[in-house]
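Please consider the following chain and the questions on its helices, loops and surface.

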Amino acid sequence: MAGVKNHDYHILPPDIWPFIGSMSAVTFTSGMVLFMHEMAMAWLVLGLGIAGLIATFFSWFGKIIQEGRAGYHTPVVQLHLRYGMILFIASEVMFFVGWFWSWFDFALFPTDMTDVIGGVWPPEAIEAVMDPFDLPLLNTLILLCSGTTVTWAHHSLIHGDREGLKQGLWATVLLGILFSAIQAYEYAHAPFAFGGNTYSSAFYMATGFHGFHVIIGTIFLIVCLVRSYKGDFTPREHFGFEAAAWYWHFVDVVWLFLFITVYIWGGWGAEIH
């Protein structure tokens, strides 16, 4: 019979937001290029791109939440949403593989042809490195604790304990904010600045992008916390929270690799700040 739905898929109606999102992304990247070259109108173009992206996030993601509340997220749809999140995290893994690759390349092959002065690692231009067992170790413990609190929230949700869900999310969000604050303090008191040699550039790019991911993950969890107070998420349907938890665990694992390779192994034998 025409017009009768006989499948579990959710066929989306035409929507303008994917187009607005793509145009905003192009505007944002164009603004970044203008900003890096210190050209006129850079801030205007960059601001328009950021505003468009934020509007897209609120409108597009809001519609997805409405679809879930309306019952459109059938088991088949939820499965495909999970596939999408898995592929997204896989792409993020490869993003960090690039930074680790550059770090190991600079560290294992410090030739005089590069800007690593003297062919040693860390380069002679780096007078001192950060003590890995000071603030970096504290941040490691904070992220590990946050991984347990988000798991606590997840298990509470599965077992119908909404108060445990809220408490676990609150704890995770606060730990994420604390991590970012400590990292900002660490950068402000670092013994070396960004750029100038391969060590400092690779260090700040790898740890800085991870810090950016922590901020994004914290915002992700804050949205889940707000939704939990609005009564969203059930033991059977909670993909939004599950995606945030997966993302947060990914951030945890990446930091462990950064802590071991960048802070401990990468500065081995150098003077400690």
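Q: Is I177 buried, partly exposed or exposed?
A: The model is predicted, with local features needing pLDDT of at least 70, side-chain atom pairs counting only at pLDDT 80 or more, and totals for chains, interfaces and linings using all residues. Residues are numbered from 1 along each chain as its sequence is written, and side-chain values use heavy atoms, without hydrogens and water. Buried means under 20% relative accessible area, exposed over 50% and partly exposed in between (1.4 Å probe, protein chains only). At 45% relative accessibility, I177 is therefore partly exposed.

Q: In which helix is I177 found?
A: Helices are DSSP runs of H or I with at least four residues, and strands are runs of E with at least two; both are numbered from the N terminus. By this assignment, I177 is found in helix α5.

Q: What distance separates the C-alpha atoms of I177 and T218?
A: I177 and T218 are 41 residues apart along the chain. Their C-alpha atoms are separated by 7.2 Å.

Q: What distance does helix α5 reach from its first C-alpha to its last?
A: Helix α5 covers residues 162–188 and has 27 residues. The expected span of a helix is 1.5 Å times one less than its number of residues. For α5 the expected value is 39 Å, and the helix reaches close to it, at 39 Å.

Q: Which residue has a side-chain oxygen that reaches the backbone nitrogen of E163?
A: The contact lies at the start of α5, where the two atoms are within 3.4 Å. A polar contact is a pair of N or O atoms within 3.5 Å; within protein, one must be able to donate a hydrogen and the other to accept it, and residues adjacent in sequence count only if both atoms are side-chain atoms. The side-chain oxygen belongs to D161.

Q: Is M41 buried or exposed?
A: M41 is found in the loop between α1 (17–36) and α2. Its phi is positive, about 70°, although M41 is not a glycine. Because its relative accessibility is 54%, M41 counts as exposed.

Q: Is F233 buried or exposed?
A: F233 lies in the loop between α6 (198–229) and α7 (239–265). Its phi is also positive, near 75°, in a residue other than glycine. Because its relative accessibility is 6%, F233 counts as buried.
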